[in-house]
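Look at the sequence and the 3D structure below, and think about how open spaces in a protein can be described by the residues around them.

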Amino acid sequence: MNDPTNSKYRHLSFKDSGPYRRFVQEEKKLQAATLTYQQQDTPAHGSYGALLFKPEWRAKREEILQRDRHACVVCKGNDGLQVHHRQYHFIVRQNEFKMPWDYPGQLLITLCESCHKRGHNKFKVPTINI
């Protein structure tokens with residue numbers, strides 16, 4: 001096909017002379033990429049995410065899950081359960097947040113992943129200075 005502009009896309013000619021045009025990209029040969037998995041020592045979500053792997057949080061999480069009968073308190077589903085903090089406490093004297101497992105049970109609820117995301121999109125979790 002004659003391409004005087006040497007463009008990336010080429011106009012295809014059809015048998016009839018109608019106004020329809022179609023542009024196609026030149027064929028390129030794809031090389032197989034090798035994907036490798038690398039183990040990361042640091043969990044996601046920064047320092048807060050690292051706290052969620054500690055045994056203290058796992059014990060508190062299990063306590064809340066048992067209290068809520070391993071079901072989301074909003075939709076009663078039981079897939080992808082997460083424990084949600086209804087508020088965060090900032091300790092002014094120490095200039096730091098309270099540890100995730102140090103909150104009383106009434107400030108923690110069980111939510112499925114979908115309800116948890118929807119709640120965070122709709123509401124902002126308040127931070128209380130203590």
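## The second largest pocket

Strand 6 (108–112) and helix 3 each supply at least two residues of the lining of the second largest pocket, and helix 3 gives the most, with six residues. Helices (H or I, at least four residues) and strands (E, at least two) are DSSP runs, numbered from the N terminus. This is a predicted model, in which local features need pLDDT of at least 70, side-chain atom pairs count only at pLDDT 80 or more, and totals for chains, interfaces and linings use all residues. Residues are numbered from 1 along each chain as its sequence is written, and side-chain values use heavy atoms, with hydrogens and water left out.

A pocket is, on a 1 Å grid over the protein atoms alone, an open set of points with protein on both sides within 12 Å along at least five of seven lines, and its lining residues have an atom within 4 Å of a point. Of the 15 residues lining the second largest pocket, His 84, Leu 111, Gly 119, His 120 and Phe 123 lie nearest its centre.

## The largest pocket

The largest pocket holds about 420 Å³ of space, where a volume is the space filled by probe spheres (1.4 Å probe) set on the points. Its lining has 14 residues, and Tyr 48, Leu 52, Gln 82, Val 83 and His 116 lie nearest the centre.

Helix 2 (55–67), strand 3 (81–85) and helix 3 (113–122) each supply at least two residues of this lining, with strand 3 giving the most, five residues.
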